Amino acid sequence: MNEQQRKDSTPTPKPRGAVPYKRSWKNLLINKRYQLRFTLFMVGLSTLLMVGLGFWVMKVANETTEVSATSVRGTPCPKIPTIEVVEEPAPVPMKLPDPDAPAPAPAPAEDKEQPAPDAPGSGSADEDRPRVKVQIDESSMTMMPAVPTVVPVPEDLGQKVVQHWTCELKLAAKLEQLERGRLRILWVLIGTGLLLVLGLAGYGIKMTHKVAGPLFKVGLYLGKMKNGRFDKVYSLRKGDQLVDFYEHFKHGHAGIVQMQRDDLARVKAVIAAAEGSGLGDHATIAELRDLVARKEKSLE
Amino acid sequence: MSDPTAATGAPASPRPRYKRKLSNYLLDKKLQLRYVLIVTVLSGVIAGALGFMIYQQRRAASESIEKDLAALTQKDTSQDQFQEQIASDLASEDQALVYKMVGVGIGLVVILSLYLILMTHKVAGPLFKVSMYFERMADGRLGVVTPLRKGDMLVDFFTSFKEMHDAVRTRAQDDVATMDKAMQALRDAQNQGDYRGEAHSKLTEALEALEKHVADRKSKLTDFPPRSA
């Protein structure tokens, strides 16, 4: 019997043998209410757990980072020794010492410096003293700037500077590492959460589809039965759930088919007996023949 | 287990309100436990992994504090006891956190499992009920289909089942009426015609068989006995 002769338009599920059925992602949501409810519950619960516990993890991670950072900041580094610059001593006055003269009173260094030769009131006592006569001839010597004072530095200064800055850099790197660790936890949580939500959504829909699929198939058969068609029931696809439920359905379907066959057997026997008794043209027999025709058609 | 397909209305005595029993909650163990296990294990894994991370972070902070304290009190032996006390306090706080998290995790799993059993029961219940009707149909019994309980899922599926069941039942009742009417008409015709012989006896036998068949059908098409019966 071809499809056009059928009274209803309910599609017949194809037998498994002919063309292997392939699940299509477009058909995954066939019972939206059931599938989305279960999937969203699973996804929602996981999201809730991830967000709630994730916030807790981040709170503790922030505290730990802060504690560790404080500890790192408090780590002492070897200090760089300070270099003391020694003051240049005052120049010695260029005069001969007077053994008889009393020790002069301490005077500011500026006073001791070479007084101007023709300064007023230079003192008559000084005039009698023997003076060193220096004759300055023209010289070809070039006046050079004063030689800088050589500052004495500790021998291990270089080593200590290196140690200090190595330590400082290590601490800075440690602080940066702590911050990176904190951020890594955050990104791992966000990444895992997103993957989990997407994965669960896909898995949930696929998992519920294995329940919704058999229900959809049974629903098609129910539509056919409602329209008075009791044709063959095919098996479920591999991996489908509700196998027991489907067996119950097949059992029930077989019971209805058997009912029709029993009716047919009884009615056909009556028709045959009536025809044998000469009642074949009776109006009731015509009605029974219609009944038989309808029941036979329903079983095709 | 009570029969969920039992008819609702007994005219004489009102049907007692159906109550869900604890023992009936796992109607389809395979379907229900599968979902319950998946969700529970998943939640356990998430909670366990994040809980471990929390513990790890907390322990790291405690160890950092202990280390710093040890460094501070290194030269002062009188502070040893204080240091041990602080370390012990921190360790017991961390331990308490672990117990707290394990407790919350177990609570979560138990509550979640119970809730999921209730949730899946709302799917397994209608399937169980429809399965019972299918078994009755297998025996040719086509009684009245009672509605689902409040809160049950798969309402659309159940509605299409009920429509099918009602249509098959109506058609069966019509068939029985047709057969009954034909039986009476043929009996009358047989009596009026004064038939004799083998053909007559064959028709009588066929009509008797049909009568039994119709009586059987009628009995199976009547409503199911009420629950209290």
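A crossing is left-handed if the near helix is turned anticlockwise from the far one by less than a right angle, and right-handed if clockwise. The model is predicted: local features need pLDDT of at least 70, side-chain atom pairs count only at pLDDT 80 or more, and totals for chains, interfaces and linings use all residues. Residues are numbered from 1 along each chain as its sequence is written, while chains are lettered from A and ligands numbered from 1 in the order in which they are written.

**Helix α5 of chain A against helix α2 of chain B.** Helices here are DSSP runs (H or I, at least four residues), numbered from the N terminus. The axes of α5(A), residues 243-276, and α2(B), residues 80-138, come within 7 Å and cross at roughly 30°. The two helices are therefore roughly parallel (angles under 35 degrees count as roughly parallel, over 145 as roughly antiparallel). Axes are lines fitted to C-alpha atoms over the stretch in contact, and angles run from 0 to 180 degrees between N-to-C directions. The crossing of α5(A) past α2(B) is left-handed. From α5(A), the contact uses F245(A), H248(A), F249(A), H251(A), G252(A), A254(A), G255(A) and I256(A); from α2(B), it uses L127(B), S131(B), F134(B), E135(B), M137(B) and A138(B). Residues are in contact if their C-beta atoms, placed from the backbone, lie within 7 Å. By class, eight residues of this contact are nonpolar, five polar and one charged (Ala, Val, Leu, Ile, Met, Phe, Trp, Tyr, Cys and Pro count as nonpolar, Asp, Glu, Lys and Arg as charged, the others, Gly among them, as polar).

**Helix α5 of chain A against helix α6 of chain A.** The axes of α5(A) and α6(A), residues 283-299, come within 10 Å and cross at roughly 150°. The pair is therefore roughly antiparallel. Here too α5(A) makes a left-handed crossing, this time past α6(A). On the α5(A) side the residues include V257(A), L264(A), V267(A) and I271(A), and on the α6(A) side they include I285(A), L288(A), V292(A) and L299(A). This contact has 11 nonpolar, two polar and five charged residues.

**Where chain B meets chain A.** Chain B puts 55 residues into the contact and chain A 54. On the chain B side, the elements giving two or more residues are α1 (29-72), α2, α3 (155-193) and α4 (198-221). Helix α1(B) gives the most, with 19 residues. The chain B side divides into 36 nonpolar, 10 polar and nine charged residues.

**Confidence along chain A.** The predictor's confidence in each residue is pLDDT, from 0 to 100. Chain A averages 80, and 75% of its residues score at least 70. Among the elements of chain A, α5(A) has the highest mean pLDDT (93) and α2(A), residues 109-112, the lowest (47). Residues 1-10 of chain A stay under 50, with nine contacts beyond four places in sequence. Residues 109-123 of chain A also stay under 50, with six such contacts. Where pLDDT is low, the predicted coordinates should not be read in detail.

Terms used:
Parallel < 35°, antiparallel > 145°, perpendicular 65-115°, else oblique. Contact = placed C-beta atoms within 7 Å.
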